[in-house]
Amino acid sequence: MKVIITKDKEALADKAFEVMKAVVDGKKDAVLGLATGSTPIGLYARMVADHRKNGTSYREIKTVNLDEYAGLRPTDPQSYRYFMRDNLLDHIDIDLTNTYIEDGTATDAEKECERYNALLRRLPRDIQLLGIGENGHIAFNEPGTPFDMETHVVTLTENTIAANSRFFEKESDVPRRAFTMGPKNIMDAKKVLILAVGTNKADAVRAMVEGEVTESLPASILQKHPDCILIADEGAASKLSKK
Ligand code: PGA
């Protein structure tokens with residue numbers, strides 16, 4: 001895993017943008033695996049600014065997202081589809097029909113997971129963007145998720161519900177279930193870019209980079225990815241022994 005440490009979250013977003021821009025510039029019909037959460041917002045802002053200023057085009061680009069809450073409509077402001085439109089997709093020249101995410105309203109969950117796995121096979125990702133949870137989760141893959149799992153439905157852990165409640169009015173509003181790509185889908189991407197900001201992520205970052213590869217720390221599987229870049233700010237990198 002290549003590790004890049006930046007001074008703060010602004011410098012991190014600059015670096016992440018460089019990596020993403022190289023993929024977009026290198027292939028006009030690239031498939032981008034995208035993520036939600038607070039960490040990638042600065043990167044998305046830079047992609048929008050660059051599109052406006054330099055005309056970087058996403059007309060032939062496709063996007064696939066990691067995960068979506070079960071039970072929320074795409075128009076619900078708390079849904080990840082809404083987040084993606086609000087932070088990126090509505091502000092660039094991408095064709096929205098080329099932007100994919102699990103259907104949170106699907107009634108047959110198993111069928112929806114099969115549909116998404118088939119879609120991911122049809123659209124090999126040139127890059128997959130990721131954040132990391134305090135407990136080392138990636139997407140909604142919590143500790144204990146088998147590494148060979150593909151898209152599945154998860155029941156969120158209390159830790160994740162509490163962390164995500166900051167986006168909701170009250171904790172009881174946070175959906176309890178979600179669709180998520182599995183570790184295997186994530187590892188299938190050609191390149192992985194994982195971002196981490198803040199001292200609250202420092203233990204997870206250390207375990208991911210320097211600990212053993214174990215299903216109890218889902219992000220540790222990334223040690224086995226042939227092209228994985230971690231960009232961490234000084235806080236998130238503060239517990240790494242090799243800097
Ligand atoms: P965050 O979430 O970007 O909001 O910190 C990351 C994650 O939990 O995967």
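**A close look at the salt bridges**

Tutor: Start with Lys27, which is partly exposed, at a relative accessible area of 35%. This is a predicted model. Lys27 forms a salt bridge with Asp126, and their closest N and O atoms are 2.9 Å apart. Asp126 has 8% relative accessibility, so this residue counts as buried. The two partners come from distant parts of the chain, 99 residues apart. Lys27 sits in the loop between helix 1 (9-26) and strand 2 (31-34). Asp126 sits in the loop between helix 4 (109-122) and strand 6 (127-130).

Now take Lys28, also in the loop between helix 1 and strand 2. Lys28 is exposed, at 58% relative accessibility. Its salt-bridge partner is Glu60, with the closest N and O atoms 4.0 Å apart. Glu60 is partly exposed, with a relative accessible area of 41%. Glu60 belongs to the loop between helix 2 (41-54) and strand 3 (62-65), and 32 residues separate the pair.

Next comes Arg59. Its side chain meets that of Asp93 in a salt bridge, at 3.5 Å from N to O. Arg59 lies in the loop between helix 2 and strand 3, and Asp93 in the loop between helix 3 (80-87) and strand 5 (99-100), so the bridge ties together parts 34 residues apart in sequence. Arg59 is exposed, with a relative accessible area of 59%. Asp93 is buried, at 19%.

Salt bridges can also share partners. Glu10, Asp14 and Arg46 are joined into one network that way. The count of salt bridges comes to 18.

Notes
Residues are numbered from 1 along each chain as its sequence is written. This is a predicted model: local features need pLDDT of at least 70, side-chain atom pairs count only at pLDDT 80 or more; totals for chains, interfaces and linings use all residues. Side-chain values use heavy atoms; hydrogens and water are left out. Helices (H or I, at least four residues) and strands (E, at least two) are DSSP runs, numbered from the N terminus. Buried means under 20% relative accessible area, exposed over 50%, partly exposed in between (1.4 Å probe, protein chains only).
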